[in-house]
Amino acid sequence: MIKLPEQAIIVLNELEKNGYEAYLVGGFVRDLILSRETHDIDCATNALPDEIERVFSNFKQSQIGKDHGTIGVKIKHDWIEITTYRFDDETKDHRRPKSVTYAPSLKEDVIRRDFTINALAINQKGEIIDYVNGQEDIKQRIIRCVGNPEYRFYEDALRILRGIRFACQLNFEIERNTLEAMHKQSYLLNALAVERIYQEFKLMLESDSIYPYFNNTKDILSVFIPEILDLDSQLLMKIDQCNTWLKRFSLFFIHQNEEKIRIRANHLKIPKKLIKDSVDFYYCYNHEYNDQEIDIKRMMQVYPKTIILESMELKKIIDPEHYSEVSYQLLLKMIQDNVVVSIKDLNINGHDLLNMNIKGKAIQETLNACLEAVMLNKVENTKEALIQWVNLT
Ligand code: ATP
Ligand code: MG
């Protein structure tokens, strides 16, 4: 029997004690069966929102989702979402249900869900209720739509991306009919809000095993990231070896150009910081290193060191012939030694120069000259050495 966390038992117990049915549902149950770390707990009940509010009147509540039948209840340190059984009515623009109608029983609530693995329920005793053969699909590691896949994707095209995302995250196979419908209905993705697309794409890129799924769904993903069609399989295959989001995202653009990165990133509404990182990454990746310290220092003056480092790591993965271990080690050492690459790292400042009777524009010029001398190892970065060097030049 599966053991439920204490907060979950409290929720189910409170509802049952007051004469209602209550089950934990959705991703929480899936992850529990898979022994994955579980987060957000979802509970389904025949209690109506007003009744849920009444049952949990002694707990902190959130009414944000009340229009959709959901009341958030804080139990111990967790927010648990309690939702009245419902059907999702006809959708508008293949996105969200137009309206919500409450359903008479758990079964209706379960079969509106996207995939069989997400359509399981569990009761207070830890017994699983399975109307869709979801347990078997979890065992066989299969992503399969509940009901007719073409129709389910027509209702809500985000399910196409959720399906690919779950396959990547769980390393599950997408069932044949479900996959066929994904290909056939991929044009519906054009109707989705890009924020929702990006959210799913990000989760895909954060998964362990991407290549087999991306390779099989290139035509689908190309609806929002057409650059995937320019990546040959050999290159795409390396994506699983990339250990960060930035390397994975950058892989799509490494043979493109800055403008294309900006266009795509703006189109996907990627956060500004990530756009900058991606552009920096592109230039760092395409820099030709000559194994000289000063070359790397000049790069460090312009680009964040972690991005230089990561871009070198990507080169090692996808273009080892042009990767330089010497430059990589030099960079690591310089990062460790906190090497001087900017005026603020110098152990001399404007006040010191004023005291030496250097004034006006000459202050900045002298600081620049000091920086250059330190970077070229012509003088040590100590106040005495720098003062002496300034006096001599
Ligand atoms: P995650 O681990 O990412 O939270 P999840 O399966 O819990 O995955 P949620 O978005 O938290 O996903 O949704 C909770 C549950 O609601 C799902 O397990 C599924 O049963 C149902 N659900 C969510 N989105 C959809 C959708 N677009 N269509 C149908 N059912 C959905
Ligand atoms: Mg969830």
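The legends below describe several close-up views of one predicted model.

**View 1. The domains of the protein chain.** In this predicted model, the domain assignment divides the protein chain into domain 1 (1–140), domain 2 (142–224), domain 3 (228–336) and domain 4 (343–392). Between the C-alpha centres of domain 2 and domain 4 there is a distance of 58 Å.

**View 2. The surroundings of ligand 1.** The residues around ligand 1 are G26, G27, D40, D42, R113, D114, N118, A119, D156, L158 and R159. When this shell is sorted by residue type, 6 of its residues are charged, 3 are polar and 2 are nonpolar. Two domains contribute to the shell, since domain 1 (1–140) and domain 2 (142–224) each supply at least three residues.

View 3. Strand β10 (residues 121–122) runs antiparallel to β11, with 2 bridges between them, and I122 has I128 of β11 as its bridge partner.

**View 4. Strand β5 between its two partners.** Strand β5 (residues 78–84) is largely enclosed by the rest of the structure, because 5 of its 7 residues are buried. Strand β4 (residues 70–75) pairs with β5 in the antiparallel sense over 6 bridges, and within this pairing K74 has W79 of β5 as its bridge partner. The two strands β4 and β5 form a hairpin with 2 residues between them, and in the turn K76 has a positive phi of about 55 degrees.

**View 5. Strand β2 and its pairing with β1.** Of the 5 residues of β2, 4 are buried, and the strand is mostly covered. Strands β1 and β2 run antiparallel and are joined by 4 bridges, with L24 having C43 of β2 as its bridge partner.

**View 6. The setting of A22.** A22 is part of strand β1 (residues 22–25), and it counts as buried because 26 C-beta neighbours lie inside 10 Å, where 20 or more are required. Leaving aside residues up to four places away in sequence, A22 touches V11, L12, L15, E16, C43 and T45. V194, in comparison, is 172 residues from A22 in sequence, and the C-alpha atoms of these two residues are 35 Å apart in space.

**View 7. Helix α17 and what covers it.** Helix α17 (residues 305–318) has 14 residues, which at 1.5 Å a residue should span 20 Å, and the distance of 20 Å between its end C-alpha atoms agrees with this. Its buried residues are I307, I308, E310, S311, M312, L314, K315 and I318. An α-helix has 3.6 residues a turn, so residues three or four places apart point the same way. Among the elements that cover the buried residues of α17 are α12 (233–236), α13 (245–251), α15 (272–285), α16 (293–302) and α18 (325–336).

Technical notes:
Residues are numbered from 1 along each chain as its sequence is written. Chains are lettered from A and ligands numbered from 1 in the order in which they are written. This is a predicted model: local features need pLDDT of at least 70, side-chain atom pairs count only at pLDDT 80 or more; totals for chains, interfaces and linings use all residues. The expected span of a helix is 1.5 Å times one less than its number of residues. A residue is buried if 20 or more other C-beta atoms lie within 10 Å of its own, exposed if 12 or fewer, and partly exposed in between; C-beta atoms are placed from the backbone. Two residues are in contact if their C-beta atoms, placed from the backbone, lie within 7 Å. Domain bounds come from an automatic or database domain assignment. A residue is near a molecule or strand if its C-beta atom, placed from the backbone, lies within 6 Å of it. Ala, Val, Leu, Ile, Met, Phe, Trp, Tyr, Cys and Pro count as nonpolar, Asp, Glu, Lys and Arg as charged, and the others, Gly among them, as polar. Two strands pair if DSSP finds at least two bridges between them.
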